[in-house]
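Dear colleague,

Please read the notes with the model open beside them.

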Amino acid sequence: HLDAAFEDPRERLIEVVRYFDRVKEEHARSGCPIYRMVVDGGESDKDQVPQAAARIYGGFVDWAERQFRALGQEENARAYAVSLLAGIQGGTVLSRTLGDPSHLGRELERLTAWLTQIPNKKVFLGKAGPRRVAESA
């Protein structure tokens, strides 16, 4: 579990991107298995399969939002989480459609650079906070 394996929320997010980099060849051949559930679902599964996929995607967005909040990105946390999933899924769709994993690879590189640059607003310089000048007695 990423929360236990990585103390830093940024590293957790980057590790998700690394995971998709490790499976990009498979995703270029087969696409996203969760999205395939929706596309390949039969008529009898019309309601259950999309709901299951929505729970999985929604769970990922909720988890990523918590990571962005832990970085102090309160105002943007949800939008950033959705953008992360959209980037991964968009790269996957392009790689699958065009049969070329480099599309996903480039998107994952962009996402990693983006995640690296997002400021951690919860990090402060020094542990004691700002120094105060002692008043003269």
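**Overall architecture**

The protein contains 7 helices and 0 strands, where helices (H or I, at least four residues) and strands (E, at least two) are DSSP runs numbered from the N terminus. Read from the N terminus, the order of elements is α-α-α-α-α-α-α.

Before the details, please note that this is a predicted model, in which local features need pLDDT of at least 70 and side-chain atom pairs count only at pLDDT 80 or more, while totals for chains, interfaces and linings use all residues. Residues are numbered from 1 along each chain as its sequence is written, and side-chain values use heavy atoms, with hydrogens and water left out.

Of the 137 residues in the protein, 35% are buried; here buried means under 20% relative accessible area, exposed means over 50%, and partly exposed covers what lies in between, with a 1.4 Å probe and protein chains only. The protein exposes about 9,100 Å², of which carbon and sulfur atoms supply 54%, the areas coming from the Shrake-Rupley method with a 1.4 Å probe and, for residues, with only the protein chains shown counted as cover. Among contacts in the protein with a separation of 6 or more, 63% are between residues 24 or more positions apart, a contact being heavy atoms within 4.5 Å.

**The nonpolar core**

The largest nonpolar core has 26 residues, and those with the most contacts inside it are Leu13, Ala64, Phe68, Leu84 and Leu115. Such a core is a set of buried Ala, Val, Leu, Ile, Met, Phe, Trp, Tyr and Cys residues joined through side-chain atoms within 4.5 Å. At least two residues of this core come from each of H2, helix H5 (48-70), helix H6 (77-98) and helix H7 (102-117), and H5 gives the most, with 7 residues. Setting aside residues up to four places away in sequence, phenylalanine 68 touches Leu13, Gln73, Ala77, Tyr80, Ala81, Trp114, Leu115 and Ile118.

Glutamine 67, a polar residue to look at next, lies in helix H5 and is buried, with a relative accessible area of 3%. Beyond its neighbours within four places in sequence, glutamine 67 is in contact with Asp3, Pro9, Arg12 and Leu13.

**Salt bridges**

How many salt bridges does a search of the whole structure find? The search gives 9, counting a side-chain nitrogen of Lys or Arg within 4 Å of a carboxyl oxygen of Asp or Glu.

Glutamate 15 takes part in a salt bridge with arginine 18, at 3.2 Å from N to O, and in another with arginine 22, where the closest N and O atoms are 3.3 Å apart. Glutamate 15 and arginine 18 both belong to helix H2 (residues 9-22), 3 residues apart, which is about one turn of the helix, and arginine 22 is found in helix H2 as well. Glutamate 15 is buried at a relative accessible area of 15%, whereas arginine 18 is partly exposed at 37% and arginine 22 is exposed at 55%.

Elsewhere, a network of salt bridges links Asp62, Glu65, Arg69, Glu74 and Arg78.

**Arginine 10**

Arginine 10, found in helix H2, deserves a separate look.

The side chain of arginine 10 does reach the backbone oxygen of isoleucine 118, at 2.7 Å. Not counting residues up to four places away in sequence, arginine 10 touches Leu71, Leu115, Thr116, Gln117, Ile118, Pro119 and Asn120. From C-alpha to C-alpha, arginine 10 and threonine 116 are 7.4 Å apart in space, and 106 residues apart in sequence.

With best regards

Definitions and conventions:
Polar contact = N/O pair within 3.5 Å; in protein donor to acceptor, adjacent residues only side chain to side chain.
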